[in-house]
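Please study the sequence and the structure before reading the solutions.

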Amino acid sequence: KVQDYIQNRFALATSVGVYVTRDAARLNAINTEWQRVGQSADGVNTNVMCMEFSADGNHLFVGTTGGIRRISGLNLANDSLGLDRRSPSNVITIGTSTGTAGVVTGIAADPNNINNLIVTTGGYTTGSHVYKCTNATAASMTFTQIQGSGATALPKMPVYDAEIDYNDNNKVIIGTEWGVWSTTNAFTGGTTQWADESCNGMSHVPVFAVEQQHLRSTECFNSGFIYLGTHGRGFYMTQDLFTAIDENENNTTNSGFVSNLSVFPNPSSVTISFYGVEGKLEVELFTVSGLSLLTAKVEANEEMDINQLSAGVYIIKTIDSNNIIRISRILIFQK
């Protein structure tokens, strides 16, 4: 069930530009035909980080290290004469963007409105990492941050991908350095409110890919399902938009190792505290690659100063008086 003019179109970013083919799923194609639809002069070459087609297939949104480029006119021609940027007769137009900051890591196109986009950016900065656009087909696209504020704001951390629900574009789910987060008022205006959805079997692991099954059919059991690709914890699937399925995991082993440790606040910037344990704790903090950075002895519920650490993700190990080992991840954002 492939719509040739959209779903059989495949985009590939190379060091010299962006190429598109309609032959990606044609198993009987003898010679696959490629058209260079974007090139260095258009701002798309080695700096391309991600790409997303519009719902009608006429536009390709390209996320770069310096913002968004839109390659338009893909439905106006069928051959290299009209689609290849090196051809003097090409019908391709390029759109630029304003309002985003940082390296673009993910793009979500509204499946029901080609003018709506959600864009995510990476980096451990105090700036915003999620943006919306409501004029994605304009010559100059304008993006507005939707990081939120106050208690329902999204922590200042890398965001890797996003998906707009095909039933309600105000429902957006994003994959971050600290698990899965969601909002139900992405496009309504006002302050965007974010909620941590890393529960019911999901955990606070980096989520690099978020996809929704868009095929609406009574023959398709997974219509509307959300799929998540994580770093080191495999794939997750959920039937409900913001509810993850249970993991099949045993958190306790015979060696006295317990994987869960309550660390607060997390994400953090200056201090952290430990909960759910009693007495003195031997604390050791590691980089994600296993390098030991510091050790300390603290009382349970006592604050531990982490002001000397730079922004990033770390692993904390504690050993209590019963020699029980607990592990947790801690996200430290820029102070």
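**Exercise 1.** Determine whether W34 is buried, partly exposed or exposed.

*Solution.* W34 has a relative accessible area of 32%. Buried means under 20%, exposed over 50%, and partly exposed in between (1.4 Å probe, protein chains only). W34 is therefore partly exposed. The model is predicted: local features need pLDDT of at least 70, side-chain atom pairs count only at pLDDT 80 or more, and totals for chains, interfaces and linings use all residues. Residues are numbered from 1 along each chain as its sequence is written, and side-chain values use heavy atoms, with hydrogens and water left out.

**Exercise 2.** State how many aromatic pairs there are, and classify the pair of F10 and W34.

*Solution.* Rings of Phe, Tyr and Trp (its six-membered ring) pair if their centres lie within 6.5 Å; planes under 30 degrees apart count as stacked, over 60 as edge-to-face and the rest as tilted. The count by this rule is two aromatic pairs. For F10 and W34, the centres are 6.3 Å apart and the planes lie at 70 degrees, an edge-to-face arrangement. This pair links distant parts of the chain, 24 residues apart. F10, at 42% relative accessible area, is partly exposed.

**Exercise 3.** Classify the pair of Y160 and F208, and the accessibility of each residue.

*Solution.* The ring centres of Y160 and F208 are 4.6 Å apart with planes at 85 degrees, so this pair is edge-to-face. The two residues lie 48 residues apart. Y160 counts as buried because its relative accessibility is 17%, whereas F208, at 40%, counts as partly exposed.

Definitions and conventions:
Helices (H or I, at least four residues) and strands (E, at least two) are DSSP runs, numbered from the N terminus.
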